[in-house]
Amino acid sequence: MIPACFSQPNTLSSSSSTSHHHPQVPQNLITCIYQTHLCNSPTYLTLTWSKTLFSHTLTIHATDSFSITISLTPSAFSFFKSRPGSKSIYLTHHHYQRIKLYWDFTRAEFTRDSAEPDSSFYVAISCNAKLEFFLGDLQDELTRRSGLVLTRQLTEPTLLSRREHVFGRRSYVSRAQFLGNKHEIGIECSGGVLKVKVDGEISLVVKRLAWKFRGNEKIYVGGIEVEFFWDVFNWVNNNSNNNSGTNGIGHGVFVFQVGEGGVWPEMVGPEKRLMRKSLSVSSGSGSTSSTIWLSPSPSCSSVLQWAEESSDGGRSSCSSSTRSCGSNGGFSLLLYAWRRD
């Protein structure tokens, strides 16, 4: 399920305003939500990978339990990876429950400018010496360092949804996993035409975006039927003032939904700061419409509500807390495509 509103604006952390050319805008920002267990309690675990010119971080967050940010580089100006690490954390809602977090990005390999590693890394969480969450491909390395004994075969954590902020001028690319298989998703927007590509092949062409700035169509990704939703009102609306085509500032919103869709995490860490900066920029420009559409709680007439209604038969959307949403075996990819001049 996809909520029409992710979180309320007044829950965002404060941040100083900048121009839309601010240098600390991430090169890539990815938030994934996994269904797992922590100390025998079902939990939605949110991982946010962020990469800017001077930093590379991972924020791990479980609502009402804990939140921690790990630097993937030892310093802001270092080209070297951080050393393997571990940290004990007491859960907020379990006074006597302690988990232990392990990570290793020493040899992590990344695709192009992606903030999320592809291979040669691990992130793991244990409770009472029992491994409960593992992401990566260095399981033997983890057991050697931690001394954890695996009493059962580890299964890959269930990925419920993925939210990615991509940056470009007319072309935006994401590499996401749909039901176990990775695919390259491309979005191109130029001259009033929107093109969607899957693994380099055109899957959908939408013309006359000035009139069709919101909509949905079915496409196929690796043989899987996917409901695709788009909302480029920001671009079209900004553009109506300068008559320069459909490449206005702000972001376009694109949703790829399998089945009934996934669940959405609240925005934390670098994602909160990015959206707050956008609010500051739009407020400074005096554009009411831009402020609405750049906020993390879009208008209820937006593409996000349409996706929500299509997945639950028109029921009201769940709150920003992931605990109130169900996955029902679905998956959703949400792309925020940000214009760079």
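Guide: A pocket here is an open set of points on a 1 Å grid over the protein atoms alone, where a 1.4 Å probe fits and protein lies on both sides within 12 Å along at least five of seven lines. The model is a predicted one. In this model, the largest pocket holds about 1,100 Å³ of space. Its lining consists of 45 residues, and those closest to the centre are E116, D118, R162, R175 and K182. Sorted by class, the lining has 17 nonpolar, 16 polar and 12 charged residues.

Several strands take part in the lining. At least two residues each come from β1 (28-38), β8 (117-119), β10 (130-136), β11 (158-168), β12 and β13. The most is given by β12, with 8 residues.

Strand β12 covers residues 171-178, and it pairs with β13, residues 181-190, in the antiparallel sense over 8 bridges. Along this pairing, A176 stands opposite H183 in β13. The two strands form a hairpin with 2 residues between them, and L179 in the turn has a positive phi of about 50 degrees.

From β13 the pairing continues to β14 (residues 193-198), again antiparallel, through 6 bridges.

Setting aside neighbours within four places in sequence, Y220 is in contact with V198, S203 and E225. Y220 itself sits in strand β16, residues 214-221. Its side chain makes a polar contact of 3.3 Å with the side chain of E225. S203 is 17 residues from Y220 along the chain, with 7.4 Å between their C-alpha atoms.

Another contributor to the lining, β10, belongs to an open sheet of 4 strands in the order β5-β6-β9-β10, with antiparallel pairing. The edge strands of this sheet are β5 (85-90) and β10, each of which pairs on one side only. From one strand to the next, the twist averages 15 degrees. Within the sheet, β10 pairs with β9 (residues 122-127) in the antiparallel sense over 6 bridges. Among the residues joined there, C127 has K130 in β10 as its bridge partner.

Key
Residues are numbered from 1 along each chain as its sequence is written. This is a predicted model: local features need pLDDT of at least 70, side-chain atom pairs count only at pLDDT 80 or more; totals for chains, interfaces and linings use all residues. Side-chain values use heavy atoms; hydrogens and water are left out. Contact means heavy atoms within 4.5 Å. A polar contact is a pair of N or O atoms within 3.5 Å; within protein, one must be able to donate a hydrogen and the other to accept it, and residues adjacent in sequence count only if both atoms are side-chain atoms. Two strands pair if DSSP finds at least two bridges between them. On a 1 Å grid over the protein atoms alone, a cavity is a set of points where a 1.4 Å probe fits but cannot get out, and a pocket is an open set with protein on both sides within 12 Å along at least five of seven lines; lining residues have an atom within 4 Å of a point. Grid points are joined across faces, edges and corners, and a volume is the space filled by probe spheres set on the points. Ala, Val, Leu, Ile, Met, Phe, Trp, Tyr, Cys and Pro count as nonpolar, Asp, Glu, Lys and Arg as charged, and the others, Gly among them, as polar. Axes are lines fitted to C-alpha atoms, for helices over the stretch in contact, and angles run from 0 to 180 degrees between N-to-C directions.
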